Amino acid sequence: MFNEESTSSPGMAIALEMTGVTKSFGAVVALRDGELRLRYHSVHALMGENGAGKSTLVKIIAGLYLPDAGTLSLAGNPVSFKTTADAKAAGVAVVYQEPTMLPHLSVTENIFMGRLPTSRSGNVDRKRMRREARALFDRLGVHIDPDRIADGLSIADQQIIEIAKAISMDARVLIMDEPTAALSPEEVRRLFAITRSLRDEGRAILFISHRFEEVWDLCDTVTVMRDGAYVSTSPLAETTERDVVRQMVGRDVDSLYPRGERTHGNTLLKVHELTSLGVFHDIDFEVRAGEIVGLAGLVGAGRSEVARAIFGVDRYDSGTVELDGTPVRRHDPLHAMGLGLGFVPEDRRHQGLILEFGLSRNAALAVRRMLARLGIITDSRENSLARTWLSRLQVKARALDTPAGTLSGGNQQKIVLAKWLAASPRVLIVDEPTRGIDVGTKAEVHQILADLTHAGMGILMISSDLPEVLGMADRVLVMREGRITAELSHEDADAESVMYAATHSEAVKA
Amino acid sequence: MSAIQTRPSQLTAGQRFAAVLASRESAVVIVLALLILVATLQNPSFLFGPDGVRDLLLTPSILVPLAVAQAVVLITRNIDLSVASILGLGAWLSASTLANNPGLPLWLVAVGAVVLGAVLGSVNGVLIAVLGAPALVVTLGTLYIYRGLNVLWADGKVVSAVNMPKEFLEFGVGSLLGIPNLMIIALVIVVAVTWYMRSRPSARELYAIGSAPFAATLLGLPSKRRVFMALVASGAIAGLAGFMYAARYGAVDSQAGSGLELSAVAAAVLGGVAIFGGSGTVWGAAIGAVLLVTINRALPILGVPDFWQRAVVGLLILGAIVLDRLLALRHARKLSEIREKEND
C-alpha cells in the first residue's frame, strides 16, 4: 500500500496541482479558472453552488474531459489525461456521487474490471480475485458478499466498492464527488472512518460536499468555487461557515426582478403530507392565487420529483394533492390538467417539446382535445391559437412550422410556456424556467411569470438559481434530501438562510 | 438477469438445487427434455426411430453456431442481424469453390468461409464500433447488402449435390461415435466460446461493456476494440456456419439461410441472453437454439396445426421475458423494503 513517508507533517508535499484550467462546451463556459492544490495526508473540501464548476473540474482530473487550457500536475510532474485510463494509471481514482457499477457483474469483477488478475495461462484468476476482494472488505471493515451481482446494492455499498477499487489500484489521489448525498447517518460515519484511515496512509483526498457539518468534521482545508472560477483556499481552522457561504454566493442579490404589489387570493394548490418512500417525505405546502412559491434546494434534493408527483407523472406512496378543494388523482396527468394544473418540466428538450414538430403544433399539444372538431385538428386552428400566444410571449421564429428543435433555448422555453398558457391553467408548476437561456430572455420569462400572477394564477417555481428564487418568490420553501427544511417569507429569505437550510438537516421553520 | 446470486458456500444443498433450477439455461434444458419426452410418447419414432437421435442432433447444428455468434454480440449491447446473410455468402463460397475445385481439402474451404465471415463482420465492426452507428441499423443494412452480393455472385445459379464432391456431402451427413459431424463442430464452437466468455479478461470486458457502457468508459475499457472484435467473431462463426450449411443440404442458392437471423436472436433471448446486454451465457443461447429447432419438429407430431407453430415459439419468448420482468420487479421491491427498514 502507498505511503508517503517523508511528508507526514503538515506542510506536506503536493499531490495534485491544477492551475488556470478552462473548459467550455460550445458557448457555455463551465470552468473559467480551475485552481486546486491537493496535498498528501489531507482531506481537502471543495465547495460551491450548483453550477460552480466542481463537477467539470473533477471530470478533468478524472480524464473524462480534456481541458481547453491550463496545467495539471501530479506530484510535481505535468500530466495530460486523455482518457479515464490515463488518470487511473497515474493513480487518480474517483468515487462518483452515483457510482457507475456494472449491474450484471459480480462485486469482485466490479472491483477489478479493466485489470482482472490472471493466472499463468492468461485466464481470469477468480480465486485470487475473490481473496483480494475479501481482504479489501476486511480492511474497510464492511461485509459485502464478493460473489453477489452488483445490481441492487445500496448506494453506500456501491461507494465502498468504488473505494475498494481505488485502494486495490493504490490510488494516491482519491476524489469523492458528493459521496454522502444518498447515505444514512450510519453509512456516513462508516465512510468517514474509512476516509480518515486512507488519509492516514498518506493519500490525498478531495471531498466534495454541500454539507457544512461534514466538511468541518472531516476536512482540513477548503477550496471554494463560484461561477466556474476559483475563489479561495483556506485551512478550515482559520475560516468559518459564514465566510464560506459568503464566498459561495458572493454576489449581491439585487431587486431587478419584477414583483410589484401582489394580492394573494384563496388557496389554489394544497399539498398535504406527500410522501414517496426514499424520494421525498411529508411534503406540506400551499400555493395561493396570485402567488409565486419558490422551491429551492440543491440538485438532488427531490424538488423535481415532488413536482412530477403533484402533476401525476410519478407515483407517490401517501399524501394528498388538492386543486381548489378538488383532490387530484394520483398518477393521472390528464386529470391534473383537466383541473387546471400546468407543468413546465426541467428538461424542455426531452420532456417539454417535440423537437421535430413545428411551433404551432407544439403550442397546441396541451389543448389538442379542445381544438379538435369531430376529433380532427386543422392547421388553421392550431396556427391561430399559436399566433396569439407566440406573439404575446414574443417568440422569435421565422415561421409557425419551424421545427422547435432549431430555436434558441429561450425561445424553446417560451413555446413550452405557450403550450401551457393556451390551456389556461390556474396553477403552473415551472421547473428551472430559465436554465440555460440568455439574460435578456430570462428577464422576459420573469416578466411573463409576474404578469400571470397578476392575472390570478398561482405559480410553483423550482429553481437552483438563487437570485431568481429570492427575487421572484413571495415565499421560499427549501428542500434538503427529500424534506422541506425551511419556509421563508420574501423578506426573510436571503442567500445565506436558503443555503443554510439547503445544507443543514436541523433548520428553522420561520 | 434477475437472480440474486449468493455465495454458494452459504447455501444448503436444497437451495443450491433451487438456484440451478432457477437459471434460465437449466429451465430451457428441462423444457427441452419435456418436449422430447412428450413428442416421443406421442410418436416413439421421434426418439427411437432409425434416425431419431441423429435428427435430434443434426437439425440444430446450423442454428446453434448462429445463436452463439448472436449471443456474443448481444452481450455487448449490440445486435448482428447480418449473420444469416453472412452464412449465405459462406455457404455459396464453400459450395461454388468445391464445385469448381473438387480436389481442394475441406478444411481449407472451411477456413476460407471463416475468413470471409470475419471480413464481412469487420465491416459491421467498423461501422458500429469505430463510427458509432447503431448496430440495429448497420446490420439491418448489411443484411440486405450481403444478401444482394450473394444474389449478384450466384447469378441465379444453384450449386446442387451433383456438382459437389462426394467427400463433402459425406462429411455433411456423416457422424463420429453416433454424433453427427456438424454437431461436433457446433459443440466445439459452443465449448470454446463458452470457455472464452467465462475465463478470459477480454471476454469479461464484453460483459462489462454491455452491462453499463458509460461505466465501461469510466473504467477505461477499450470498448471500441472489444465491440469490433465481437462483430468480427460473430461474422467468422456465421461464415463457418455457412460452410456447415452447404455440407448439410448439398444444395445452395443465393437465399441460403435467409431469415435465420431472427431465429438466432430468438434462440439467444430464449436461452437467457439479455437483449440489453451484460448477461447471459453462450451455451444458454445454444440450448435455446436446440429448443427452437426441436419445437418446430415436435409440434407437427403433437398435432399442433401449422398455423400455431410459429405462435408457440413467439409465446415461449414472450413468456420467458415476462417471467424475467416479474422476477426483476419482485427482486427490486424486496431490496427497497430491506433498505427502508435499514434506514428507519
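## A walk through chains A and B

Start in chain A and select strands E12, E11, E14 and E15: these four make an open sheet, in the order E12-E11-E14-E15, with antiparallel pairing. Strand E12 (280-288) and strand E15 (326-327) are the edges, each with a single partner strand, so one side of each has no neighbour in the sheet. Bear in mind while you click around that this is a predicted model.

**Inside the sheet.** Now colour E11(A) and E14(A). They pair in the antiparallel sense over five bridges. Next, show A:Leu323, which stands opposite A:Thr326 in E15(A).

Zoom in on the link from E14(A) to E15(A). How many residues lie between the strands of this hairpin? The hairpin has two residues there, and A:Asp324 takes a positive phi near 50°.

H9(A) lies across E11, E12 and E14 of chain A. Relative to E11(A), which spans 267-276, the helix runs at about 115°.

**A buried helix.** Stay in chain A and jump to helix H1, residues 54-61. Is H1(A) buried or exposed? Eight of its eight residues are buried, so the helix is largely enclosed by the rest of the structure. Show the side chains and you'll see that the buried set includes two lysines, A:Lys54 and A:Lys59, along with A:Leu57, A:Val58, A:Ile60 and A:Ile61. A:Ser55 and A:Thr56 are buried too. Step just past the end of H1(A) and select A:Gly63, which has a positive phi of about 85°.

**Over to chain B.** Switch to chain B, whose secondary structure comes to 16 helices and two strands. Of its 344 residues, 46% count as buried. Among contacts in chain B with a separation of 6 or more, 78% join residues 24 or more positions apart.

**A helix pair.** Select helix H6 (83-100) and helix H13 (223-249) of chain B. Their axes are 7 Å apart and the helices pack at an angle of about 50°, which makes H6(B) and H13(B) oblique to each other. The crossing is right-handed. On the H6(B) side, pick residues including B:Ile86, B:Gly88, B:Gly90 and B:Ala91; on the H13(B) side, the residues they meet include B:Gly235, B:Ala238, B:Gly239 and B:Gly242. What classes of residue make up this contact? By class, there are 13 nonpolar and seven polar residues, with no charged ones.

**Where the chains meet.** Finish by showing both chains together. Here 27 residues of chain B are in contact with 27 residues of chain A. On the chain B side, the elements that give two or more residues are H11 (201-211), H12 (213-218) and H16 (306-343). Colour the chain B side by class and you get eleven nonpolar, eleven polar and five charged residues.

Key: Residues numbered from 1 in each chain as written. Chains lettered and ligands numbered in written order. Predicted model: local features only at pLDDT ≥ 70, side-chain atom pairs only at ≥ 80, totals over all residues. Contact = placed C-beta atoms within 7 Å. Nonpolar A, V, L, I, M, F, W, Y, C, P; charged D, E, K, R; others polar. Buried ≥ 20, exposed ≤ 12 C-beta atoms within 10 Å, placed from the backbone. Axes fitted to C-alpha atoms, helices over the stretch in contact; angles between N-to-C directions. Parallel < 35°, antiparallel > 145°, perpendicular 65-115°, else oblique. Left-handed = near helix turned anticlockwise from the far one by under 90°. Pairing = 2+ DSSP bridges.
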